[in-house]
Amino acid sequence: MRVGFLTAEMAPLAHVGGLGDVSRWLPETLAAGGDDVMVFLPHYDMIDGARPVGNVEVPPFGSVTLALVGAPATNRPTVCLVGHEAFRGEEVYRAGPDEHLRYALFTAAVPAACRRFDWIPAVFHANDWHTALLPVLAAAAGPPWDRVPVVLTIHNLAFQGVFPGADLERMGLDGSIAEGDRVNALATGIRTAALVTTVSPTYAAEITTPERGEGLHRRLADRADDLVGILNGIGPDWDPATDEHLPHRYDTPEGKAPNRAALRERFAMEDGDVPVLGVVSRLTAQKGFGLLAPVLRPLLERGEVRLAAVGTGDPAMEEVLGDLAGRFPGRVGFHRGFDTALGHLIEAGSDLFLMPSQFEPCGLNQMYSMRYGTPPVVRRTGGLADTVEQWDPERRTGTGFLFDDFASDALAAALDDALAAYGDRDGWRTLMANGMARDFSWEVRAAEYRAVYGRAMAMRPGGQGR
């Protein structure tokens, strides 16, 4: 089928977070499976090497440029860049007062771009609040765009694109979608899209509750029958057998040992047959790093663990790890910042991976960790609950260690279980192998999205481009 995929970011062209990874690998996998996929992305300044293909008019915004990335290729997605002065600059997201106008312009340009290419999709796939107005903007563009169903995926419910209702006129829309004097772009998309998806089955249920619904739980609960949770996958760039960032590639549990030695050397860690705990993350309260210090201090004081961490974010969370590194030299290594190669080495060289998130829509690092033979210690929430299976030492099943309460003592209990399991070398090898055998490929996820697209198409008779 033809799929028009709209996104605010896409790795490696313009990459900020998890949305960028999904926007790279899902279209790539769909296209490899025979679908005709066109990805629409704003033409940010950091994107080089695009081929201009002309201009189109987008009322009431004016003229935008269109450009294609790369040469057309069979079984590869086409990437169409929408250019305008609103996207000049070196940042993807600006968080400025006109951010909603930037992305409304981009979203409104997509039907015009499709018309320019004489290409009508069977389904549009919009992502997050940036493109959540697509159903109403496509309807305003008239036939045939008003007959193309929209699937909306929520990657981050916390960001909703709220803006003044008075700006609707600048978008060529009337005031019907305003609620009072404000418009919530994501809420509008939830109400008007054919189907809504999010990035894990557990998170899909959680966001219909007041605790996780970010004020939209009632709207999501009203559409519960049309709300589908589909886990993210991981791309082939995260494979220990081919990973160019690793000093030693491997495909068995035994192959981790040289990377473990390299990681300990990188951080000048003391010798000792104790597990290395890994952290690769944005350092925020949501990621649960406020729980770590009281749990890790006694273990580090007794020399029972080592800690290797890389990340940046909230200064208070950076200070937690920085303080541990200062107090326990030789036992804690912390790199403040973003370092891709070091992140891969920590995944490969650690014995356990810490991910005690307060909430986690999907999460990727727990999947990377299992693929690299590094059992994760995670809180049972969102995608963490859907991807990590509790280790059972009697049955030799499971892939990691989970806890329920968002509290240091709950994390400590899970970590105690992990350290006890580490002492059983045969069992530990089985635990590592279990994780490495899990299939988190995008091929599995792409099949689930195809089913959603087909369901959306069946809800809108008369759709084009099939």
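An open sheet is formed by six strands in the order β14-β13-β12-β15-β16-β17, with parallel pairing; two strands pair if DSSP finds at least two bridges between them. Helices (H or I, at least four residues) and strands (E, at least two) are DSSP runs, numbered from the N terminus. On average, neighbouring strands are turned by 20° against each other, direction ignored. The model is predicted: local features need pLDDT of at least 70, side-chain atom pairs count only at pLDDT 80 or more, and totals for chains, interfaces and linings use all residues. Residues are numbered from 1 along each chain as its sequence is written, and side-chain values use heavy atoms, with hydrogens and water left out.

Within the sheet, β12 (residues 276-283) and β13 (residues 306-313) run parallel and are joined by eight bridges. Valine 280 lies opposite valine 310 in β13. Helix α13 packs on the sheet and touches β12, β15 (352-355), β16 (376-379) and β17, contact meaning heavy atoms within 4.5 Å. The direction of α13 makes about 160° with that of β17; axes are lines fitted to C-alpha atoms, for helices over the stretch in contact, and angles run from 0 to 180 degrees between N-to-C directions.

The axes of α8 (residues 292-301) and α13 (residues 408-422) come within 8 Å and cross at roughly 40°. The contact involves Leu292, Pro294, Val295, Leu296 and Leu299 of α8, and Ser408, Leu411, Ala412, Leu415 and Leu419 of α13.
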